[in-house]
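Trainee: I would like to learn how to read a structure like this one, feature by feature. Could we go through it together?

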Amino acid sequence: MDDTALDDGALDDGALDGNAIGGLLIEVFGTEMTTAVATCGSCGAASQVAELVVYMPGLGTVVRCRSCDAMLMTFVQIRGVVCVDLEGLASLG
Amino acid sequence: MPPVSRGFHRKRAAAPADRIPPGQYLTRDFPVLSAGPTPRTALARWTFSIEGGHERKSWTWEEFRALPSEKLTTDIHCVTRWSKLDTRWEGVSLDVLLAGMEHDAPYALAFSDGGYTTNVPVADLLDGKAWVVFGYDGGPLGAEHGGPARLLVPHLYFWKSAKWVRGIRLLDRDQPGFWENYGYNMYGDPWREQRYAGD
Amino acid sequence: MAGTAVRGRLNTWLTATVGAVTEETARARTLRLEVPQWPGHRAGQHVDVRLTAEDGYQAERAYSIASAPGEPLAITVELVDDGEVSPWLTREARPGDLMEVRGPIGGYFVWEPGLGAPLLLAAGGSGVVPLRSMLRERSRAGSTVPVRLLYSSRSLDDVIYRAELDAAPAGVEVIHALTRSQPPGWTGYARRVDKRMLAEVAWPAAPGDGASKPLAYVCGPTSFVETVAAALVDLGYPPVRVRTERFGASGR
């Protein structure tokens, strides 16, 4: 069976983790944030930002809870302005 | 001006200009771009519904697949700048789905498994401009590309072609969907380069 | 002022000049970068790289730092088919060319010798880059922490840093898994990394206090990382002792 597609990640949904947005978070928060603890507003799960699920479909960045998939943070950058939506978080720090 | 990286340039269109909208480049891939995990709705539980009109209509998968469907070949244009030509689809026209429904609502909001939404004027769903597609490139539409069924509105930027679509809600006023809420254009015509609000 | 590092703001783009270039494999290349105000970095961190075209068009990507703390900044880039930035970095860029970098970035996927513990490093493809920085740091610091690196590649020709890994110092074991093709006479692993392989390769998850439990760093495509991390937890590794960094198909 040719599983090379799996090697290339071609069959996955493109999910990364919070390490991938380290630079974006520095831009938004002015400091290193990948070890900050994020608490999900939906299920209460707490984890370091580096361990959250990150989707980057090109239109924006969506960060989700690894336990329940709820959207925690969304970042959209248009014409040099970053729109930051943190409504899914109970806390971040 | 930041230092120029010698020899670096944006990907360029390598196809007839009348097929590639401004600012786009041609790709042979079909990138999988998602804002969340791929939903896995069982066909036995899948429905497509039209809400907000004078009546609510809903089809099960069997009922949906029994509707007249058609094959089409079209170009698609993503706001992330890639365009893909001659993509082949199979699906049910929105003209068929909306037929016989009394509706004077000018706007629609498509909604999907996983919570994604996007808005399209009803006029842009009618007259052979939009489908709910279940087939791609001669086979069933794969889950990563929106299967079992997605909306296809190829004359607008591809974020309007909602993956994993489960229905449309008819509205009196235009309402921003998921990306529109964050600043993407309410309409999204690639030929007028309407990527963001205010374009 | 000799030896004093000047700390710039993290959110500043610094001009980088391409120095020496090393072709690691047919598709991967290491670029030494000269950055005048570079503040230094930790093993495992990455930089954001930004390219600017003549017409002002810009593209940004993140690349793991391949060199150890204290060594000149270097990144290793693997070509992504139909990519936008990696083709320039791997095929076009030459010494003297310019780009911008921001960083160093990352406080989670980092290792320093003071963390102790037997180290299990698991690399899928270009996921080996930040782990190589950790191995070089281990050598530079004179650390004797035992290390096993399980490195999955499609073929021997795709193994990055092959000569360096073949000459790994005492205390560092490198185990290759070649998933697509193997050279004649190959007696090593010839399949994708799975739980059975990890059970054979990983340091046993020891009972006892946290500091002596093995520490794992897993880096590569998401599917690789999920498989390895889940297997290690199944084998008894506390989740907090398994650090993960997922790369996309778009590289890193």
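This is a predicted model: local features need pLDDT of at least 70, side-chain atom pairs count only at pLDDT 80 or more; totals for chains, interfaces and linings use all residues.

Trainee: Which strands of chain B form the open sheet, and in what order?

Mentor: Two strands pair if DSSP finds at least two bridges between them. In chain B, 5 strands form an open sheet of mixed pairing in the order E3-E2-E11-E6-E7. Strand E3 (57–60) and strand E7 (117–121) of chain B are the edge strands, each pairing on one side only, and the twist from one strand to the next averages 15°, where axes are lines fitted to C-alpha atoms, for helices over the stretch in contact, and angles run from 0 to 180 degrees between N-to-C directions. Within this sheet, strand E6 (residues 107–112) and strand E11 (residues 165–171) of chain B run antiparallel and are joined by 6 bridges, with B:Ser112 opposite B:Val165 in E11(B).

Trainee: How does the radius of gyration of chain C stand against that of a compact globule?

Mentor: The radius of gyration is taken over C-alpha atoms, and the globule rule is 2.2 Å times the number of residues to the power 0.38. For the 252 residues of chain C, a compact globule would have a radius near 18 Å, and chain C agrees with this at 18 Å. For chain B, with 199 residues, the rule gives a value near 16 Å, and the 17 Å of chain B agrees with it. The C-alpha atoms of chain C fill a box of roughly 55 × 45 × 30 Å along the principal axes, and those of chain B one of roughly 60 × 35 × 30 Å.

Trainee: How many of the residues in chain C are buried?

Mentor: A residue is buried if 20 or more other C-beta atoms lie within 10 Å of its own, exposed if 12 or fewer, and partly exposed in between, with C-beta atoms placed from the backbone. Buried residues make up 46% of the 252 residues in chain C, and 37% of the 199 residues of chain B count as buried. C:Thr15, found in strand E1 (residues 14–23) of chain C, is partly exposed because 15 other C-beta atoms lie within 10 Å.

Trainee: Which residues does C:Thr15 touch?

Mentor: Two residues are in contact if their C-beta atoms, placed from the backbone, lie within 7 Å. Not counting residues up to four places away in sequence, C:Thr15 touches B:Pro3, C:Leu98 and C:Glu100.

Trainee: How many residues of chain C are in contact with chain B?

Mentor: There are 15 residues of chain C in contact with 12 residues of chain B. On the chain C side, strand E3 (46–52), helix H1 (86–92) and strand E6 (98–105) each give two or more residues, and E6(C) gives the largest share, 3 residues. By class, this side has 7 nonpolar, 2 polar and 6 charged residues, where Ala, Val, Leu, Ile, Met, Phe, Trp, Tyr, Cys and Pro count as nonpolar, Asp, Glu, Lys and Arg as charged, and the others, Gly among them, as polar.

Trainee: Which residues lie on each side of strand E5 of chain A?

Mentor: In a regular strand the side chains alternate between the two faces of the sheet. In strand E5 (residues 61–64) of chain A, A:Thr61 and A:Val63 lie on one side and A:Val62 and A:Arg64 on the other, and all are buried. E5(A) pairs in the antiparallel sense with strand E4 (residues 53–55) of chain A over 3 bridges, and with strand E6 (residues 71–78) of chain A, also antiparallel, over 4 bridges. A:Val62 is the bridge partner of A:Tyr55 and stands opposite A:Thr74 in E6(A).

Note on methods
Residues are numbered from 1 along each chain as its sequence is written. Chains are lettered from A and ligands numbered from 1 in the order in which they are written.
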